[in-house]
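Dear colleague,

I am passing on the structure below, followed by notes on what was found in it. Please read the notes with the coordinates open beside you.

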Amino acid sequence: AAVHAALEEYGRVWLMQQMGSKWVVTFRAASAASSFIASGALVVEGAPRPFKAEHFHVVGKKNSADEDRLRTLLVKMEHPSRLGSMQIEDCREPSAPVAAGTSLDWSIRLTNRGRQPRTLLSVELPYQPADAAVCFSLKGTPQSKGKPVQLSQTFSHTQAVRLVSRPGAAGVFRTRLVFNFSTCVLEHEVAVEVGDAAPPRSLAATAAAAAEA
C-alpha cells in the first residue's frame, strides 16, 4: 500500500505487478508515467532504498498482445463516453446488513436502450493494494478473458461484483468499473459505506432516505 500511495502522487495507477524486487506499473495517464520516469526514483517511507524509475520493455508475443490491448484500453479511457442510451443499474438491497470484516455481493446490470448494437469486450477494475481496507473484485469470468458480448437493443449484461472489507474498516469506499466496448469505454462509479456503527448502505440509498425525510 505504501508503494501504491507514493505512486499515486504522480497520477492514478491502473495496474501494478511485483516482479522480484521490482514493480511494473501502468499509470492511467501517459503524462503521469512521463513525470514518474523524469523523477528518476520513487522514495517510499520505510523502504531501505528508493525504487529506480525506468521504462519496462515488454518481451514475448503474448506479453506484447496484452500490452497492445492495455494500450488501446487506456487510449479509450482518455475520453470516456457518456453513452446515454446505455442504462446502468446497481442491483442490491440497500438495507442489507454488511459490517466491517464481512463481504457484500451484488450485481450491476447494463442494458442497451438505444438502437445501435454495442460490443462489450470486457469489464475492468483498477489495481487495488492487497492490504487495503476494502477490496472490490469482479466475479465470474476474469476481466479481459471472456468472449465479447453483443448488446443489441434492450439486451442486457449482468456483472457480479464483490466487496470484502477488513475488520475495523470504516468510511465510504469507491472504485470505478470500466465497461470496455469496441469503440469506447463507459465508466461507472461504485461507492459503498462501511462501518460497524450501522449497516452500510449504498450512497444512492442513503440519498433517497434523506430526500424522503
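Which residues lie nearest the centre of the second largest pocket, and how many residues line it? The lining is made of 19 residues, and H4, Y127, Q128, R174 and T175 are those nearest the centre. Two or more lining residues come from each of β1 (13-19), β8 (134-138) and β11 (171-181), and β11 contributes the most, with four. By residue class the lining comprises ten nonpolar, three polar and six charged residues (nonpolar being Ala, Val, Leu, Ile, Met, Phe, Trp, Tyr, Cys and Pro, charged being Asp, Glu, Lys and Arg, and polar the others, Gly among them). The volume of this pocket is about 440 Å³, taken as the space filled by probe spheres set on grid points that are joined across faces, edges and corners. A pocket here is an open set of points on a 1 Å grid over the protein atoms alone, where a 1.4 Å probe fits, with protein on both sides within 12 Å along at least five of seven lines, and lining residues have an atom within 4 Å of a point.

Before going further, please note that this is a predicted model, in which local features need pLDDT of at least 70 and side-chain atom pairs count only at pLDDT 80 or more, whereas totals for chains, interfaces and linings use all residues. Residues are numbered from 1 along each chain as its sequence is written, and side-chain values use heavy atoms, with hydrogens and water left out.

The mean pLDDT (the predictor's confidence in each residue, from 0 to 100) is 84 for the chain, with 87% of residues reaching 70 or more. Where pLDDT is low, the predicted coordinates should not be read in detail.

By contrast, K147, in the loop between β8 and β9 (149-151), counts as exposed because its relative accessibility is 75%.

Best regards

Technical notes: Buried means under 20% relative accessible area, exposed over 50%, partly exposed in between (1.4 Å probe, protein chains only).
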